[in-house]
Amino acid sequence: MIPNMFAQAVARWLDRRNIHFSWMILTITFLTMLSASAALGLPGAFLQPLSKEFGWTTDQIGSALAVRFVLFGLMAPFSAILMERFGLRKVICCALTLVTAGVLLVTFVTDFWQLVLLWGIFLGVGTGMIALVLGAVVANRWFDQRRGLVLGMLTASSATGQLIFLPIAAWLIEHHGWRLAVIPVVVSCSFVTILAFCLMRNRPQDLGLRAYGANPDIPDAPIPARGMSWRAPLSVLWGASSNPTFWILFGTFFVCGLSTSGLIQTHFISLCGDYGLAATPAASVLAMIGAFDFIGTIGSGWLSDRFDNRKLLFWYYGLRGVSLLWLPQSDFTFYGLSFFAVFYGLDWIATVPPTVKLIANSFGKENAPVIFGWVFAGHQLGGAIAAYGAGLSRSVLLSYSPALYAAGGACLIAACAIMLVRRPIILPVRVARS
């Protein structure tokens with residue numbers, strides 16, 4: 001009751017200043033996804049410290065992080081069901097609490113199975129409960145206009161999380177040890193949990209509002225009855241699987257994860273260490289990538305409202321592939337890494353807004369969050385393979401170059417494959433409800 005009254009009061013205060021409450025929801029969602037992505041990307045700064053202290057090999061640690069990506073991806077299709085059944089506020093608070101516990105308790109690990117439990121299972125399930133599906137749900141529920149821009153901003157939050165937290169974590173590891181480096185992420189997750197508890201709401205109708213930009217002459221669509229069955233994601237998958245567009249988007253997003261979170265986000269600091277670059281400047285390069293990705297992803301949201309999303313994805317995957325193929329030739333100099341950071345960063349996760357829009361246009365707005373959850377599962381499966389495969393390449397071949405070349409080639413294939421998507425024709429997809 002108290003959170004409802006508080007949210008109503010804030011909504012009225014904003015309305016007097018001609019600010020729609022949707023922008024408050026956007027802010028909370030941005031901070032939620034920022035904190036979750038910071039926790040998800042944090043282990044990339046810990047590969048060398050953990051290996052040094054416990055004697056674990058790179059592929060061992062990579063296998064624990066691969067569990068995180070797999071669970072993150074498999075949870076995504078069901079996160080929409082959690083949000084429908086229990087509401088956005090409860091899901092966000094539970095997810096961030098689980099993430100906070102996983103990040104904080106890792107400072108007490110003594111055995112490898114504990115690392116798998118905390119950074120594999122806790123982080124995987126916690127971040128998977130919200131994932132990028134949260135952004136798709138909020139954009140579709142709270143915004144009728146500027147939805148592409150909103151998706152771009154929310155997607156860019158993962159870049160911002162890296163931008164803010166990774167250099168700080170690297171500096172703390174270097175000067176105070178890896179255990180203290182988890183504190184900023186723990187504080188951020190705790191703060192956002194409180195903020196979400198007080199202000200997050202499921203739909204504009206909960207506060208007597210309409211979605212931002214909604215046509216006042218068109219009545220609101222009826223709110224779907226809650227209680228969506230746990231079979232619903234499988235039912236949606238079954239319906240979507242007959243459409244080749246689904247498999248093309250699944251496959252290209254698999255490559256997206258293979259070439260971003262599983263490879264660069266997880267192994268870049270360790271990769272730079274092989275070339276004599278310390279953790280702090282390596283994390284600063286990642287921050288530079290995050291800065292350009294923030295610009296590129298928001299710009300991608302704006303572009304996705306105006307241009308053919310297939311052509312946008314063609315250029316995104318193509319440029320990413322070229323940048324990954326070039327990285328081993330950069331000699332890891334300041335100028336070489338800066339060049340890579342610009343071209344790779346601009347389209348790191350700029351793929352999300354046009355992918356979400358292609359899904360919504362092809363399968364309908366109602367089914368978009370669940371179908372995107374399955375496509376995102378492909379992203380995380382690719383990330384898991386890259387997290388383990390790149391670590392294995394480093395342990396067996398003593399080099400990350402084969403993993404970089406493989407990911408770059410896969411991006412070029414994805415760039416060509418995305419053009420096989422036909423112009424959207426909305427197809428009915430049955431959703432099972434209890």
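**Notes on an all-residue read of the model**

1. Let's start at a loop: E366 has its place between α16 (352–363) and α17 (368–396). Helices here are DSSP runs of H or I with at least four residues, strands are runs of E with at least two, and both are numbered from the N terminus. With a relative accessible area of 54%, E366 is exposed. The cut-offs are under 20% relative accessible area for buried, over 50% for exposed, and partly exposed in between, using a 1.4 Å probe and protein chains only. E366 and G213 are 153 residues apart along the chain, and their C-alpha atoms are separated by 18 Å.

2. A word on the source, before going further. This is a predicted model, in which local features need pLDDT of at least 70 and side-chain atom pairs count only at pLDDT 80 or more, while totals for chains, interfaces and linings use all residues. Residues are numbered from 1 along each chain as its sequence is written, and side-chain values use heavy atoms, with hydrogens and water left out.

3. Now the overall picture. The protein's secondary structure comes to 18 helices and 0 strands. Its radius of gyration is 21 Å, close to the 22 Å that the globule rule gives for 434 residues, so the protein is as compact as a globular protein of that length. That radius is taken over C-alpha atoms, and the rule is 2.2 Å times the number of residues to the power 0.38. Along the principal axes, the C-alpha atoms fill a box of roughly 65 × 50 × 40 Å.

4. Of the contacts (heavy atoms within 4.5 Å) with a separation of 6 or more, 86% come from residues 24 or more positions apart. The accessible surface is about 17,400 Å², and 69% of this belongs to carbon and sulfur atoms. These areas come from the Shrake-Rupley method with a 1.4 Å probe; for residues, only the protein chains shown count as cover.

5. For charge, there are 28 positive and 17 negative side chains, and the centres of the two sets lie 9 Å apart. Lys and Arg count as positive and Asp and Glu as negative, with His and the chain ends not counted. Each charge is placed at NZ of Lys, CZ of Arg, CG of Asp or CD of Glu.

6. With a disulfide taken as a pair of cysteine sulfur atoms within 2.5 Å, the count comes to 0 disulfides. The sulfur of C198 has its closest cysteine sulfur in C93, at 8.6 Å, which is too far for a bond. For C256 the closest cysteine sulfur is in C411, at 7.8 Å, again too far for a bond. C198 is partly exposed at 25% relative accessibility, whereas C256 is buried at 0%.

7. S188 lies in helix α9 (residues 183–199) and is buried, with a relative accessible area of 15%. Not counting residues up to four places away in sequence, S188 touches L34, S35 and F165.

8. F292, in helix α13 (residues 279–304), is partly exposed with a relative accessible area of 26%. Leaving aside neighbours within four places in sequence, F292 is in contact with A341, V342, G345 and L346. F292 and L346 are 54 residues apart in sequence, yet 5.0 Å apart in space, C-alpha to C-alpha.

9. R146 sits in the loop between α7 and α8 (147–176) and is partly exposed at 47% relative accessibility. Beyond its neighbours within four places in sequence, R146 is in contact with W23 and Y212.

10. Finally, two backbone angles to check by eye. Most residues other than glycine have a negative phi. N18, in the loop between α1 (2–15) and α2 (22–41), has a positive phi near 60° and is exposed, with a relative accessible area of 74%. L398, in the loop between α17 and α18 (401–417), also has a positive phi near 60°, and counts as exposed at 64% relative accessibility.
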